[in-house]
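The following note records my points on the model under review. They concern the arrangement of its parts and the contacts between them.

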Amino acid sequence: MIPLDDRGLLLGDGLFETLLAVGGIPAAPGPHLDRMAAGCASLGLPPLDRAAAGRAMAEALAGLDAPRAAVRLTLTAGSGGRGLDRPDPPAIRLFAAAAPAPAPQEPADLITSTVRRNDLSPASRLKTLSYLDNVLARAQARDAGADEALMLNTRGDVACASAANVFWLWGGRLYTPRLDCGVLAGTMRARVIAAAQGQGLAVVETRSGVAELARADAAFLTNALIGVRQVRSLDGFSWEPSSAVAALAASVRA
């Protein structure tokens with residue numbers, strides 16, 4: 001049970017990671033634990049207990065009969081008194097949950113959300129429990145009959161989707177928003193960049209608007225659960241399936 005004074009519940013003071021598990025085993029957990037550990041350091045929280053994280057994920061997966069599962073690892077700053085100040089030292093709380101996560105079978109349809117990604121906030125580059133902007137952006141997409149929402153930052157640059165990194169191909173190069181656009185350093189984002197470079201494809205981390213994305217030859221989304229998912233449409237503009245994107249997807253498939 002989570003007590004009523006938990007800072008993650010009351011203030012969003014904490015972090016989370018979502019991992020793919022295949023056959024009951026977390027796939028490539030190391031980068032996720034590295035990112036959570038770095039987030040703890042950034043937020044001034046005690047170091048992540050990796051062994052405890054591994055045990056929590058194993059317990060969450062025990063008895064779950066699913067070939068693919070999403071494992072949610074949550075870390076909160078623990079219990080605290082009224083107000084913003086943490087106890088000194090904080091006693092973090094760590095737990096995990098798991099649920100079936102079938103792979104998407106169709107390309108994604110996107111709309112551009114009116115909810116902006118705050119690239120000026122340090123939290124925009126951390127996977128914190130304060131995810132309400134992403135929740136609202138995804139709700140806009142669902143209300144419009146789309147799968148995902150494209151989020152721009154405060155300058156109008158393309159940043160990310162509500163739960164994915166964004167890539168596009170144009171002119172023989174692979175483009176993705178820079179991290180200082182308010183982008184989370186996705187674990188699958190890093191794998192795709194490495195795979196593309198290994199295939200001799202130039203990768204450009206950029207500040208670009210929606211116009212640059214709309215003129216692309218192809219676009220796709222990435223995260224640990226979906227891997228690489230092609231984008232079929234954005235605000236009514238459509239793309240044909242891309243063999244180059246399919247090749248990248250195959251190279252990083254778990």
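1. In this predicted model, the C-alpha centres of domain 1 and domain 2 lie 24 Å apart. Domain 1 covers residues 7-100, and domain 2 covers residues 108-252. To the contact between them, domain 1 contributes 24 residues and domain 2 contributes 12 residues.

2. The area buried between domain 1 and domain 2 is about 1300 Å², and 69% of this area is on carbon and sulfur atoms. On the domain 1 side, 40% of the area buried against domain 2 is supplied by Gly12, Phe16 and Arg35, more than by any other three residues.

3. What polar or charged pairing crosses this interface? Six residue pairs are in polar contact across the interface of domain 1 and domain 2, with both residues of each pair at pLDDT 80 or more. The count of salt bridges between domain 1 and domain 2, by contrast, is zero.

4. Which elements of domain 1 give two or more residues to the side that touches domain 2? They are helix H1 (7-11), strand S1 (14-22), helix H2 (29-43) and strand S3 (68-76). Sorted by class, this side of domain 1 has 10 nonpolar, nine polar and five charged residues.

5. Valine 22 has isoleucine 25, in S2, as its bridge partner. In general, strands of a sheet pair through backbone hydrogen bonds, in either a parallel or an antiparallel manner.

6. Although no salt bridge is counted between domain 1 and domain 2, the structure as a whole holds 13 salt bridges. One of them is formed by aspartate 34 and arginine 50, whose closest N and O atoms are 2.7 Å apart. Because aspartate 34 lies in helix H2 and arginine 50 in helix H3 (residues 50-61), this pair ties together parts that are 16 residues apart in sequence.

Note on methods. Residues numbered from 1 in each chain as written. Predicted model: local features only at pLDDT ≥ 70, side-chain atom pairs only at ≥ 80, totals over all residues. Heavy atoms only, no water. Domains from an automatic or database assignment. Contact = heavy atoms within 4.5 Å. Buried area = accessible area lost by both parts, 1.4 Å probe. Salt bridge = Lys/Arg side-chain N within 4 Å of Asp/Glu carboxyl O. Polar contact = N/O pair within 3.5 Å; in protein donor to acceptor, adjacent residues only side chain to side chain. Helix = DSSP H or I, 4+ residues; strand = E, 2+ residues; numbered from the N terminus. Nonpolar A, V, L, I, M, F, W, Y, C, P; charged D, E, K, R; others polar. Pairing = 2+ DSSP bridges.
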